Structure formats: structure tokens, C-alpha cells
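Welcome to this short tour. Open your viewer, keep the selection tool at hand, and follow the stops below.

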Amino acid sequence: MSLLAPAATPSRARFSPMRIALYLVLILLAIFYLTPVFAIIITSLKTTAELARSTVWELPKTLALDSYSTAFTALAPSFFNSVFLVVPATILSATLGSLNGYVLSKWRFRGANLLFALLLFGMFIPYQSILIPLVQFLQGINLYGGIPGLILVHIVYGIPICTLIFRNYFATVPRELLEAARIDGASVIRIYRYIMLPISIPGFVVVMIWQFTSIWNEFLFAVTIAQTPTQQPITVALQNLAGSLAPEQNIQMAGALMAALPTLLIYILLGRYFVRGLLAGSLKG
Amino acid sequence: MATASAQRVVVERLPKSRSLRLPPWEKITPLLLVSPSVILIAVFVYGFIGATIRTSLVRWNSALPDYTFVGLHNYQRLFQLERFQADLVNTVHFTAIFLAGCIVLGLGTAVLLDQRLRGTLFFQNVYMYPLALSFVVTGTVWRWILNPNSGVNVILDNLHLGFLKSGWLTDTHTALNSLGIAAVWQMSGFCMAMFLAGLRGIPEELREAARVDGANEWQLFWRITFPLLRPITLSAVIILGHISLKIFDLVYVMTFGGPGYATDMPSLYMWVATFAQFLYSRGAAIAVVLLLMVAVLIVPYLVWNLRGETEQ
């Protein structure tokens, strides 16, 4: 998968009207994609007085960090709620996915294909179709209302995608490696522990980045299940910020940046793995 | 979940040879390893879908469960409701603009980035970063940009393009399209990534051969490149189509279905009916309709992908 590899060396003439036109289109498109970031940054650095219609797209005159401190005070608890949600949910769903991927690619039993298909379907369902019994179930086991319940939910509904990525990853491991280990007397579990697990670190990176981003950004489960105000993940808190606490746009934009920062940083630093998760392994054909 | 289901199912082909043989006492180990996941999925996906179907067939219309069987009555009522009829029309309308926007922009940017220009990597990263954001962040920002009093209308005024001004999200005629702009901004990068990977997989020799045969670049694209991208286009349509049917966060944040029912969607109405109006059976019925719509799209897609593998 060389999607993010640099393209081959430029092959055409350096300055031609065609190339200038191409760059113009590329730049115009970049402006379209970057405008919201520009809006976030300039607005969040303004004082409330500067939010007037006439100066709304102008750069701030001074760098006012007030909206950041207000947004930080309001959102810091939910930011850490999200951290406490994302870390265990990511690790556990990745672990289950890794075991499933190992078995479904290397120790296929009768019905493994059907099982895999039924597992994958779980990744596409609209979660509205399980939401009512899910809430009842969580209420029944006293996990409704906060982060622990959300952790369970994200582990379970993360299984299909983690399994898919790991199954594709393990499928490329040569069979001879396992055969050799079998001859040496290694058990199914020992092969996993001493061969497959160590070589699947890149798979873990892809899966964990994917799960981190998805769970951090998730909203439907969060807004339905995290009813306790002190137990809200950041997506819910950001949405509530607009509704009640601080309706000023500069504070909302500072909050939006705070909510976006972790996943944005991951994208900037580890974009290659993010895209690999997005395309779920190598391409067909 | 902006990107959680933005997944293209690519199933790595397993070698044709059978699995390794295991002695009888070890045969159970693989089953034990997958059993926790199998049980969880069986209960949380299939068991819960069953429970939702059951809820849609009873008369549970208050905070207290009432399991009196009423057959398909809830569905009959649902399809007579003005709000749900509006939802269905909105879903089709939104899906059409969302798909068109993502594919045109995604294919366009992919072809541009495949021209081997310097700086391609930079532009590629810029076009794709919205995928890392949540729909809640996207909604918060675009709600501000599309605010008639403060956002893009001001720019249009300054450029003397006042005739292009619009009420955007506040006008019943433009609200759904405005929502579409934000959704396309967020997801077109996914389409681009798929097309770009497809384009880079087309051997240069193929295009070179066509050039030698006298094809111009335009013919080259429509006769060679585009037909080879057809399976990817189909995948993109199915994946983006099912995201569009499920769209919830963006609507919740930007319009909450308004003005009127102009941007209401089944996914949002299900949530409102269930958790705000306590019409559990109606909510369940909407959820089942939504699930069927998604299944019609996804089940053939899964079969197509998984069968492709066993044929090998």
C-alpha cells in the first residue's frame, strides 16, 4: 500500500500553462478544505467584542487567550473522561480482534467463513437498531450513565473492524512459519504468543490508531449512554457547550479545537497508519 | 462516529491450501480463543436486533414497558406520519447530493494528485485531514460558517457576490444542501483515498500503450482509467451510501432536524421518538426500517467481497 508514498519524480516540463492551471485548482481546493481551520483559529483568538459581523473574517488584533481558558475550564473534565474511555476500549478491542484475526486466518474451522461474515455485518449496522435493548441491558447491570458502560460498548462494537484488520494482516504471514513452529512442538497459544504477537506490532498500530480516532469522535452512544453530567465524553460536552454554558463563538471554537486536537495530532504524526486503517488493509486486484 | 464505519471491506485472500492439521486435543483451542467475541457479537448484535424487532411489534409507548403484541401496527402508523415521510424523502435527497459531491470531489482530487506534480503529498494530507475530526467538531465549525449573519455570507458581501447569499441552514429550501456541504467536506477525502490507491494500482505500461496507439489524455481517462476504477467506485458508493443512511451526529449538531422537518432523518427521529418522547415501539420500528435499508446495501456487498475470496 503505497498510497502515501511520494509520487514518482515529476516527468513533464517544468513550467507549462497546464501545470500552472493544475496548481491553481489544487490551491483553490486546499482553501476550501482549510477554511474551517482558519475560522477556528482566528475566531478562538478573538475577544467577544471582535466577533462583530464586519470583522468576523479578519485576523484578531491581539491574541486573546481568554476563550481558551474558559473552554479549558469547561471541557477539561470531559477531555479526561474521553481519555479514560478511549485507552481501555482501544486496547481491549484490539486484543480481541487480534485473537480473532489469528484464528480466522490460520486455524480455520468449519463455518469460519460464515462466522466471519456475521461478525463483519456488525460493523455496518445502524446502532439505532440495538440502542433500546442496549440501554435496558446496561441499566440492568448498573453500567448505564457513564464511562464504564461506554467502555464495554466500544469494546464490543469494535470487535468486527479489529478482527477484519488483523485477519488481513495475519493472512500475509507465510504458512511455513507456523509449520516450522508446529514441528518444534509449539501449541496454538504459544505460536500466537511467541510468533504472531511480536510480528503483529504494525497491525496493532493501525488498529489502535483507528479505534482511538473512532471512539474519541463517537457521538451516538456517548449522548445516549453518558447521562451523568460529570461522566460525559468530550463530543457530548462540546455540543452542550454551544447549548448552555458559553454560547460565544470564540469559546465554542476554542472548545472545538480542544476536542479535535488528539485525533488531529495522530493524523499529522501517524497519517500513514491512519490511512491504512481507513482502507482496511491492502487493496483487491 | 465520523469515520468508524468509513470502512471499505477488503478481504485479504487466504491461500487455497487447507489450514494446518491439529491433534484432536488442540482442535478446541482456536474455538476457545474466538468464543468471547462470538458470544459478545451474538448477544449485542443479533440478540439485540431481535429485541428491537420485538419492541417494534408491541405497544410500548411510555416510559414503562408494555409488551402487548400489536403486530405491524407501529409500522402502519409510522408510514402515515408526515414526519417520517419527510425523513424518507430527506434521506434520499441527502444521499444523492452527498454521493455526488464525494465522488466528483474525490475522483477529481485523486486524478489531480496522480499527475506527479511536486507537493502532491502536502495537498493529499490537506484534503484528507477532515477524516480525523468528529462530526461534532465539523458541525460546530460549519454551523458557524453557514450562519447567515456571520459566516460565508460576509465573504460574499465583501466580494460583491451578494446575490449568492443564502439563509443556508435556516432556510427550509437550502438547509439539506447546506448540511450536504459540511458532510462532503468531511468525507470526500475518503473517496479520494480509495480512488488514489486505485489509480496508483493501474500499471503505467497500460496507459503508455494506449498513448502509443494514439489515444489522447481524455480518451485515456474515459476508456482505460475510469473502467478500471469501476469496482472501487461501486465500493465507494456502497460505503458512503450506508454512512449517509446512518447520518446522525452532523444533523444533531447542525440543525437537529430543523427548520421544521427540513433536515430530519430516520436516524435522528428514532432517537427523538425513543429517548425524548418515550415512544419506544415507534423508535424500534424506525430502527428496523433503517436496518433494512442498510442491509439491502451492505449484505450483497459483503457476499460479493467474501465470495470473491473463496473463488480464488
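Begin by selecting helix 7 and helix 10 of chain B, which cross in a right-handed way (a crossing is left-handed if the near helix is turned anticlockwise from the far one by less than a right angle, and right-handed if clockwise). Helices here are DSSP runs of H or I with at least four residues, strands are runs of E with at least two, and both are numbered from the N terminus. To find the pair, pick residues 175–200 for helix 7 of chain B and residues 230–246 for helix 10 of chain B; they pack at about 160 degrees with their axes 10 Å apart. That angle makes helix 7 of chain B roughly antiparallel to helix 10 of chain B, a label for angles over 145 degrees, while under 35 is roughly parallel, 65 to 115 roughly perpendicular and the rest oblique. The axes are lines fitted to C-alpha atoms over the stretch in contact, and angles run from 0 to 180 degrees between N-to-C directions.

Now show the side chains in this contact: B:M187, B:C191, B:M194, B:F195 and B:G198 from helix 7 of chain B, and B:I232, B:S235, B:A236, B:L240 and B:I243 from helix 10 of chain B. Residues are in contact if their C-beta atoms, placed from the backbone, lie within 7 Å. By class, this contact has eight nonpolar, two polar and no charged residues; Ala, Val, Leu, Ile, Met, Phe, Trp, Tyr, Cys and Pro count as nonpolar, Asp, Glu, Lys and Arg as charged, and the others, Gly among them, as polar.

A note before moving on: this is a predicted model, where local features need pLDDT of at least 70, side-chain atom pairs count only at pLDDT 80 or more, and totals for chains, interfaces and linings use all residues. Residues are numbered from 1 along each chain as its sequence is written, and chains are lettered from A and ligands numbered from 1 in the order in which they are written.

Zoom out to all of chain B, with its 13 helices and zero strands. Its C-alpha atoms fill a box of roughly 80 × 75 × 30 Å along the principal axes.

Next, show both chains: 95 residues from chain A and 95 residues from chain B take part in their contact. On the chain A side, select residues 249–278, helix 11, which gives the most, with 13 residues.

Last stop: color chain A by pLDDT, the predictor's confidence in each residue from 0 to 100. The average for chain A is 86, and 91% of the residues score at least 70.

Key. Contact = placed C-beta atoms within 7 Å.
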